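Hi there,

Here is the structure I promised to pass on. Please have a look at it first, and my notes follow below.

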Amino acid sequence: MTDDKKRRFKYGVSAIALWFLSVLLFIFAVSRFCLFGTFNRQKAEGAESSTLYSAEDFPAIQYRKIEFLSGRNTLKGYVWDESRSNKLAVISHGWGELSNYYYPVMSYFINAGYAVLTYDNTGTGDSEGLGTKGLSQSAIDIDNALKFVESDEALKDKEIYLFGHSWGGHAVTAALNFGHKNIKAVASVAGYNSNSGAMLEWMQRRLNMGGFAYTLLPFTAFWALVDAGENYYKTGVNGINLSNVPVIVVQGGNDDTVLNDSIYSHRSEITNDKVEYYFVEEGTHTNLIISDSEEAERYREKIQHEYEELSELYNKNIPEDVENRFIASIDKQLYNSVNTKTMEEICAFFDKAV
């Protein structure tokens with residue numbers, strides 16, 4: 001090969017290498033941007049902010065505000081009826097939801113004889129954080145919530161029962177990797193097993209990426225690992241097997257959000273003989289928690305339609321007094337009615353796990 005050909009060959013190889021590096025950097029940047037946009041700050045807006053419960057909607061239940069650190073962010077929540085029982089149910093909410101979305105669950109636990117702790121995860125509701133950070137953050141947050149419980153004079157000696165849905169369903173099982181004491185039982189509803197598995201399913205099913213999701217996964221996994229550190233590798237199944245704590249896994253057959261990487265789908269890997277499964281063939285991601293009765297569904301549609309009409313009437317700037325009257329007219333108990341069948345199964349499981 002002549003010197004000229006050698007130079008052209010080197011230039012060609014360098015150009016290809018530079019092009020390949022540029023493509024990699026571009027994909028890294030795009031995946032980071034997509035993750036940042038996806039795991040943005042979550043708050044209730046529109047009709048949802050009007051229909052959700054607030055603490056003031058439960059005047060008969062004593063509560064106190066709490067705060068604890070998760071990383072650099074202060075998370076905020078409530079302890080409900082803490083003197084009621086030696087049993088404390090800790091609720092971890094789903095991604096895109098706030099803790100008060102699960103106040104019907106809180107109320108059900110109170111009536112079943114539990115004290116309850118609720119809190120907003122990082123980047124959600126009243127808690128600090130520019131965004132929700134990622135799929136492992138719920139596990140990191142509940143780890144810090146449990147550290148708060150263990151350091152709080154009124155809570156540290158209570159028996160702990162974990163309840164989580166979706167993002168929280170992952171959290172309550174992944175939290176079992178951290179070795180917390182006093183956890184008596186866990187309920188994971190529509191929870192996913194791992195950060196990587198849930199991310200792959202999300203890209204394939206929700207973003208319709210198909211096979212391209214496998215190409216993008218290493219890049220999103222890199223950023224998820226940067227954000228979560230070693231917690232990225234903590235899976236629900238590993239936590240369940242490591243702890244030997246009784247766990248009930250609740251899953252719906254029509255779940256359009258968590259299915260392929262659900263903990264239920266990984267049940268063949270679970271060696272903990274204290275695990276039980278509650279599978280609802282027609283269950284969706286949400287109606288396992290919130291009642292899908294015809295009455296409740298019709299009422300929710302009616303309220304949402306009325307709120308949209310009100311918003312259009314005032315060009316999406318509803319006067320405060322008008323909105324307050326609308327909120328006061330809502331039957332929040334009907335709108336937020338809980339799925340009693342799911343809660344009965346969970347409470348029965350908790351009772352026998354003592």
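Helices here are DSSP runs of H or I with at least four residues, strands are runs of E with at least two, and both are numbered from the N terminus. This is a predicted model, where local features need pLDDT of at least 70 and side-chain atom pairs count only at pLDDT 80 or more, while totals for chains, interfaces and linings use all residues. Residues are numbered from 1 along each chain as its sequence is written, and side-chain values use heavy atoms, with hydrogens and water left out.

Let me start with helix α9, residues 294–313. Its 20 residues reach 29 Å from the first C-alpha to the last, close to the expected 28 Å (1.5 Å times one less than the number of residues).

Buried residues (under 20% relative accessible area; exposed is over 50%, partly exposed in between, with a 1.4 Å probe and protein chains only) in α9 are Ala296, Tyr299, Arg300, Ile303, Tyr307, Leu310 and Ser311. They lie on the same side of α9 because they cover an arc of only 105° around the axis, taken from the directions from the helix axis to the C-beta atoms. The face turned away from that side carries exposed residues, namely Glu294, Arg298, Glu301, Glu312 and Leu313.

Now for some backbone angles. Most residues other than glycine have a negative phi. After α9 comes asparagine 315, with a positive phi near 55°. Lysine 133, in the loop between β4 (115–119) and α4 (137–151), has a phi near 75°. Asparagine 182 has a phi near 70° and is found in the loop between α5 (167–174) and β6 (183–189).

Best wishes
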